[in-house]
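Let's take a friendly walk through a protein model, one region at a time. Have the chain open in your viewer and follow along.

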Amino acid sequence: MTEVEELRPVPRERAILESFFTQLGMFSFDRAKDYVEKEKDISKSAGAIWAALLAALAHLAAAEKAYHSMTFLGQKMGGQSFFSRKDSIRTIYTSLYNELRKVVTMGRHSQPGSASYLEDLLSHLSEQLCHFTQARMEMADLYEKMHSLGSQKSINSEELVTTLEAVLHKYSSKFHHPILGRVEESFQMEVDVVTQLLRCQAQVSEWYFLPALLSLHGANSKLTSWGQLFQRQKETRKHLFGGQSQKAVQPPHLYLWLQRFQAALLAKFSFYFHEALSRQTAPADMRALTARTTPDYHGKICSFIRKHDASNVSLVFDNRGSESFQGHGYHHPHSYREAPKGVEQFPAVVSLPSGERPLTHWPNVIMMMGDRAAELNTLDKVVHFYDDKVQSTYYLTRPEPHFTLVVIFDGRKSEKDLHIASFLQEISSSLRNSKPFGSLKPGSKG
């Protein structure tokens, strides 16, 4: 066999690999798996290294499907459950990693001078895919951790961001071969979106307007371009009695969850920065825009005020210890403003129905935030107080460390009013934004 004949099959194998990874990058996991399995049956007479890689690629497609479906979350550690017999995602990727290492070894152990361009290519790709499987395991561990945080009262988003940045730094140039372009692009986009959403969560909780806006916008842009992959591809379905129809491929659960998490952050962002955003449009347009968020915090609170005849509902920000605080919205980084003192250290993020905080009540609100801090810091307690001097009842709860939700009524209200307490707990729990983490697993509530 001449050298020219030996090289002749390579373009075909390369085309097969490119087609497989394109399908994988477009989340067509079943199609990709069927494609390499058929190819494996057709090319039984091909070399052992090619057959070994095709078998590994079929397992890769199955692993990617399991990963993106998130069904592995919440499984007991130890590999297999006696009843479900489902391998854990770590077991699946570890097995795949071992398969790929064998392909790498096969390429390296070819007889001197006999290693073709194809064997070198397959060995090289397998080595890079080994890094990819390790990256997947680290991301799966992170999602497992995020899922477990769904029941927590507070989440340290910055810690999760640090972990994600370390994963991206570690693997960003480890599977860079042009054939793996779609896989690398998809991985990069996923990590970027999750990072920006978690960063936005931390920034909103510190009441940082512009950084949170940029993170939210960045995540939305990437999610939109990611979503275009699904719109571009159609799935042909044959009917029982002849004919066929085309249907868009359904996005995997992970993508849908990221969309829902982004929607929850948008709702929270719209509420925390309602005053700054309101300056940019007419009141009627602002109401229409916030009504489209899920949940619509502004609409819910306005409805509660009307239904229960509340005097005021305010979200108070405690900016003590924040050297960079300058007030609502965006401020130029070099603009100077004296650090707030006294009651100005406790601005109203939102104050309804008038938009202005009730000045006569504010000293009482601040006093209770200090006196009842231990109860409020449990993050699930509703504090009740009646002031005989001003003939008013106050209810306070703390959704997260720097923010306190206050409801004020004229006259005396019972501490045991379940409607008020349950409303405050519902809004507070939702603002914490930890429930979406619980819904990472398909079928979970969140």
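## A covered strand

Buried means under 20% relative accessible area, exposed means over 50%, and partly exposed lies in between, using a 1.4 Å probe and protein chains only. Strands are DSSP runs of E with at least two residues, helices are runs of H or I with at least four, and both are numbered from the N terminus. On one side of β3 sit N312, S314 and V316, on the other V313, L315 and F317, and all of them are buried.

This is a predicted model, in which local features need pLDDT of at least 70 and side-chain atom pairs count only at pLDDT 80 or more, while totals for chains, interfaces and linings use all residues. Residues are numbered from 1 along each chain as its sequence is written, and side-chain values use heavy atoms, with hydrogens and water left out.

## Partners of β3

Which strands pair with β3? Strand β7 (residues 403-410) pairs with β3 in the antiparallel sense over 6 bridges, and strand β4 (residues 348-352) also runs antiparallel to β3, joined by 4 bridges. Two strands pair if DSSP finds at least two bridges between them. S314 is a handy residue to look at: its bridge partner in β7 is V406, and in β4 S314 stands opposite S351.

## The nonpolar cores

The largest nonpolar core has 111 residues, and L17, F21, Y143, M146, F187 and Y272 touch the most other members. Helix α6 (residues 117-148) gives the most to this core, with 14 residues. A nonpolar core is a set of buried Ala, Val, Leu, Ile, Met, Phe, Trp, Tyr and Cys residues joined through side-chain atoms within 4.5 Å. A second, separate core has 14 residues, including V316, F346, A348 and V383.

Leaving aside neighbours within four places in sequence, Y143 is in contact (heavy atoms within 4.5 Å) with Y67, M70, L73, E190, V194, L254 and L440.

## Aromatic pairs

The structure holds 25 aromatic pairs. One of them joins F27 and F29 edge-to-face, 6.0 Å centre to centre with 80 degrees between the planes. Rings of Phe, Tyr and Trp (its six-membered ring) pair if their centres lie within 6.5 Å; planes under 30 degrees apart count as stacked, over 60 as edge-to-face and the rest as tilted. Why is the pair of F209 and F269 stacked? Because the planes of F209 and F269 are at 20 degrees, with the ring centres 5.8 Å apart.

This pair links distant parts of the chain, with F209 in helix α9 (residues 209-232) and F269 in helix α10, 60 residues apart. F209 is buried at a relative accessible area of 13%, and F269 is buried too, at 3%. Ring pairs link W207, F209, F269, F271, Y272, F273, Y297, F317 and F403 into a cluster.

## Helix α10

Helix α10 (residues 253-272) has 20 residues and reaches 29 Å from its first C-alpha to its last, close to the expected 28 Å. The expected span is 1.5 Å times one less than the number of residues. Is α10 mostly covered or mostly uncovered? Helix α10 is mostly covered, with 15 of its 20 residues buried.
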